[in-house]
Amino acid sequence: MTPQSCRCLCGAVTFRATPAKPEMGACHCGMCRHWSGGVFFGVDCTGPIEFASEEALGVYASSDYGERCFCKQCGSTLIWRMRDGSHAVVSVQAFPDPGAFRFASEIFIDEKPDSYSFANDTKRMSGAEFIAQFMS
Ligand SMILES: [Zn+2]
Ligand SMILES: [Zn+2]
């Protein structure tokens, strides 16, 4: 796909990201829920994320291999990425038209609280299934 202009709520962080496909996935893991304040809907992106400026970008190392990017000014959840830069998942809400992405998959379904579930017909994977695929 072509690069798209993404931004946080306040506009202090803007960047260009290139979606791999017009699809989004939900992550039900405890860290994503705590971080995003909901369920994290992410879009797999290819190539580098090009930031206009990283001045307002906060980066939190949430595990040995992953880190989470947010706006230090407005708190928007923006990007989960591998610390080695090999992979980035951008919040669908940062894109100009979040509704353009089909809801295709749900991961860490085994960590989803029983208090909600999505009716969409998605591909569902447990955390172990997802990691096995990701590390292969
Ligand atoms: Zn902001
Ligand atoms: Zn997660």
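Which residues does Cys27 touch, not counting residues up to four places away in sequence? In this predicted model, where local features need pLDDT of at least 70, side-chain atom pairs count only at pLDDT 80 or more, and totals for chains, interfaces and linings use all residues, Cys27 touches Cys32, Phe40, Gly42, Ile107 and Phe108, contact being defined by C-beta atoms, placed from the backbone, that lie within 7 Å. Residues are numbered from 1 along each chain as its sequence is written, while chains are lettered from A and ligands numbered from 1 in the order in which they are written.

Cys27 is also among the members of the largest nonpolar core, of 28 residues, that touch the most other members, together with Val43, Cys45, Leu78, Ile79, Val89 and Val90; such a core is a set of buried Ala, Val, Leu, Ile, Met, Phe, Trp, Tyr and Cys residues joined through C-beta atoms within 7 Å. Two or more residues each come from β2, β3, β4, β6, β7 and β8, and β4 gives the most, with four.

Five of the six residues of β7 are buried (20 or more other C-beta atoms within 10 Å of their own), so this strand, a DSSP run of E of at least two residues, is largely enclosed by the rest of the structure. Ile79 is the bridge partner of Cys69, and Val90 in β8 is the bridge partner of Ile79. In the hairpin of β6 and β7, with five residues between the strands, Gly75 takes a positive phi near 85 degrees, and in that of β7 and β8, with five residues between the strands, Gly85 takes a positive phi near 80 degrees.

Terms used
Buried ≥ 20, exposed ≤ 12 C-beta atoms within 10 Å, placed from the backbone. Contact = placed C-beta atoms within 7 Å. Pairing = 2+ DSSP bridges.
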